Amino acid sequence: MVNAIYVWGMARAAGGRVLLRIEDHDRIRCRPEYEAALLEDLAWLGFEPDEGLHPLLRQSDRSAAYEAALAQLRATHHVYACDCSRTRIGGGIYDGFCRTRGLADTPGRGVRVEMDEGGDLLLRDRDGNWTYQFAVTVDDMDQHITHVIRGEDLASSTERQLQLRKMLGGSPAMVYVHHPLIYKPNGAKLSKSAGDSGVRDLRLAGVQASEVIGRAAAAVGLIQAPRPIAARDVKALFESRIPNPESRITG
Ligand SMILES: [Zn+2]
């Protein structure tokens with residue numbers, strides 16, 4: 001919800017296009033019913049992707065592209081198999097334990113790439129799923145994305161994505177915007193992937209779409225107090241504060 005306000009608002013204010021991408025790289029967590037609910041919520045709110053509601057790109061259809069990117073990385077960087085469990089790694093940064101073990105890339109093992117800053121990035125996990133970090137980096141390059149607008153919970157992954165992008169030969173000129181999120185009283189974030197955007201409940205309670213947008217905009221400080229805002233008017237919240245791609249060149 002908040003993400004939609006930022007994405008459409010910034011894109012419209014900058015004269016950009018909004019592309020819809022279904023990030024179902026994680027086959028376990030991303031269920032079709034969540035996808036349908038998300039699309040329905042967006043349509044009800046009045047947010048329309050420029051390519052329509054037919055997803056332009058779906059990560060579960062992209063195995064060949066990810067394989068090709070992996071092959072490209074293997075040719076130029078140190079890519080290696082890793083059989084470490086989450087338990088061994090713990091919650092912290094990966095320590096490079098398998099970097100010099102020379103394990104064969106067989107089913108049941110993950111694949112990592114060595115990175116300058118350490119914390120070698122996992123590209124494919126032990127269950128054979130492409131990781132979020134790897135999939136979005138390849139997708140952003142293939143779709144020629146210039147602005148990535150996402151929640152502040154993903155800010156910590158940006159530097160490694162930029163590094164991976166550089167390793168794949170991508171242009172370093174990208175704008176990343178990390179916006180505030182709305183949290184539940186218990187501190188958990190409202191998650192769109194869990195079909196828990198809050199939009200549905202408000203809609204069923206008879207709240208108008210423009211009121212839902214206005215409440216969310218106020219909750220993250222885009223406006224001082226809630227007032228109805230139509231989806232087509234969210235760009236007014238962002239005019240005069242659009243970052244320029246040249247203003248943040250990293251790499
Ligand atoms: Zn390992």
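These legends describe close-up views of a predicted model. Residues are numbered from 1 along each chain as its sequence is written, and side-chain values use heavy atoms, without hydrogens or water. Local features need pLDDT of at least 70, side-chain atom pairs count only at pLDDT 80 or more, and totals for chains, interfaces and linings use all residues.

View 1. Cys84 is buried, at 8% relative accessible area. Tyr94 is buried too, at 6%. Buried means under 20% relative accessible area (1.4 Å probe, protein chains only).

**View 2. Gln133 and its contacts.** Gln133 sits in helix H5 (residues 132-142). Helices are DSSP runs (H or I, at least four residues), and strands are too (E, at least two), numbered from the N terminus. Gln133 is buried, with a relative accessible area of 13%. Not counting residues up to four places away in sequence, Gln133 touches Leu121, Ser157, Arg160, Gln161 and Leu164. Contact means heavy atoms within 4.5 Å.

**View 3. The largest nonpolar core.** This core has 32 residues. Such a core is a set of buried Ala, Val, Leu, Ile, Met, Phe, Trp, Tyr and Cys residues joined through side-chain atoms within 4.5 Å. Met1, Ile5, Phe47, Ile213 and Leu237 have the most contacts inside it. Helix H1 (2-14) is one of the elements that give two or more residues. H1 gives the most, with eight residues.

Terms used
Buried < 20%, exposed > 50% of the residue type's maximum accessible area, 1.4 Å probe, protein only.
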